[in-house]
Amino acid sequence: MASKFVVPEQPIVAGGKQKNVQPEVRNRRVLRDIGNLVPAPAVEGGKPQNQTNRPVTRRFGAQLQANAQTGLEKNNCKPENVIGVVGKDGAAKAKAAIKKEGVARPKNEAVIVIDADNVTHKSGVKVREKSGKSLTAILTARSKAASGLTKKPKDLIDIDAEDVDNELAAVEYVEDMYTYYKQTEGDGRVHDYIDSQPEINSKMRAILIDWLIEVHKKFELVPESLYLTINIVDRFLAAKSVSRRELQLAGISSMLIACKYEEIWAPEVSDFIAISDNAYVREKVLLMEKAILGKLEWYLTVPTPYVFLVRYIKASVPSDKEMTNMAFFYAELGLMDYTTIIRYSPSMLSAAAVYAARCTLNRSPSWTETLEHHTGYSEDQLMECVKMLVSFHWGASQNKLKAVFRKYSDPERGAVAMFPPASGFIPV
């Protein structure tokens, strides 16, 4: 605690007036400005002389500066930053003091002028120019050069040119992001799990996905929620055996999780119970949700086919609503089929959907250098998956599971499902 200073009582003299008595004051050492103290040089015997407490005037400051410069010249040292003590008016008074004392300014003194664009010596020699590019742009360019991304085809179209001023597009990082997606897409894939499920087969899975697409459309959810829901369902079924009676429960719980992850306003538990015709109670849904998250170890940030679709559709120049709807139509046909999900990675499925959409819409050429650069796949690599997706289009109208076909027969989606399938592909 801080000590309290007690003022002694003043003695009262005749007349009622107090006698002026100075209070007792402790002797305190005066704090000096240590920057103005100049240590005295040591003398023989190792004992330093008494320090000089001489006030630093303009004249004395000029002498100190001149002495420092003289010492540097004697030692053949390059002039460094010598801090002179000046008055309130700055360097002008110091300069006048030096002139008055007759001290010549060293010829080799390097005066550096710093402005917003560059750094130059007074002599005019340029030291460093300000680069027109930001530090982020320079680091991104070096990263691309190190990873080989600078080797682009001559006819490559810059698909991000229109989004340079859009901060949300993250143009400077988007290629690095998709490189990372391609490297980590294997983490979200599943192995062949149907044989390990005693009560579930691929047809039952297709029925569940068909119903979830209807629910997704009924709730008017964003596309990301559907793709993440299907990914969660497959990964959970690959990790745990589920009875036939609880398959639908796993589906609505997976969509509940995906909506909480992707949607701004996620549907409530009661909404999923109502749409499943009250087949399950609230506690069952919450227990299944907890079981799914536990099996997946809360790992929900995975690159689904949707992530790649939006990028590849953008690379399919010109990109319009018709092209977008057709590519999503083929991608969701692929999601319905268990074999397609197991055999092909999300990026390959998305690239094949874009290729099939271009063929269906008679876009020429079917595959461009820009698409090959951004997808990383050639036509030959995609052909097997493309044939499978086109065959799904051929049989979509006769298939008993028509959720995808009805969804993309809507005029709001361009009725792309009604287009004739791409010619030149024999149904597999």
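Q: Is Q183 buried or exposed, and at what relative accessibility?
A: Buried stands for under 20% relative accessible area, exposed for over 50%, and partly exposed for what lies in between, using a 1.4 Å probe and protein chains only. Q183 has a relative accessibility of 62%, so Q183 counts as exposed. The structure is a predicted model, in which local features need pLDDT of at least 70, side-chain atom pairs count only at pLDDT 80 or more, and totals for chains, interfaces and linings use all residues. Residues are numbered from 1 along each chain as its sequence is written, and side-chain values use heavy atoms, with hydrogens and water left out.

Q: Where is Q183 found, and what separates its C-alpha atom from that of P303?
A: Q183 is found in helix α4, where a helix is a DSSP run of H or I with at least four residues, a strand is a run of E with at least two, and both are numbered from the N terminus. Although Q183 and P303 are 120 residues apart along the chain, their C-alpha atoms are separated by 9.9 Å.

Q: How many helices and strands are there in the chain?
A: The chain has 16 helices and three strands, and buried residues make up 37% of its 428 residues.

Q: At what angle do α4 and α10 pack?
A: Axes are lines fitted to C-alpha atoms, for helices over the stretch in contact, and angles run from 0 to 180 degrees between N-to-C directions. Helix α4 (residues 174-184) packs with helix α10 (residues 305-315) at about 135 degrees, the axes being 11 Å apart. That makes α4 oblique to α10, given that angles under 35 degrees count as roughly parallel, over 145 as roughly antiparallel, 65 to 115 as roughly perpendicular and the rest as oblique.

Q: Which residues of α4 and α10 make the contact?
A: Contact means heavy atoms within 4.5 Å. On the α4 side the contact is made by V174, E175, Y178, Y181 and K182, and on the α10 side by V307, F308, V310, R311 and Y312.

Q: How do the axes of α13 and α15 cross?
A: The axes of helix α13 (residues 346-360) and helix α15 (residues 379-394) come within 8 Å and cross at roughly 70 degrees, and α13 and α15 are therefore roughly perpendicular to each other. Among the residues that meet are M348, L349 and Y355 in α13, and L382, M383 and H393 in α15.

Q: What share of contacts in the chain joins residues at least 24 apart?
A: Among contacts between residues at least 6 apart in sequence, 71% join residues at least 24 apart.
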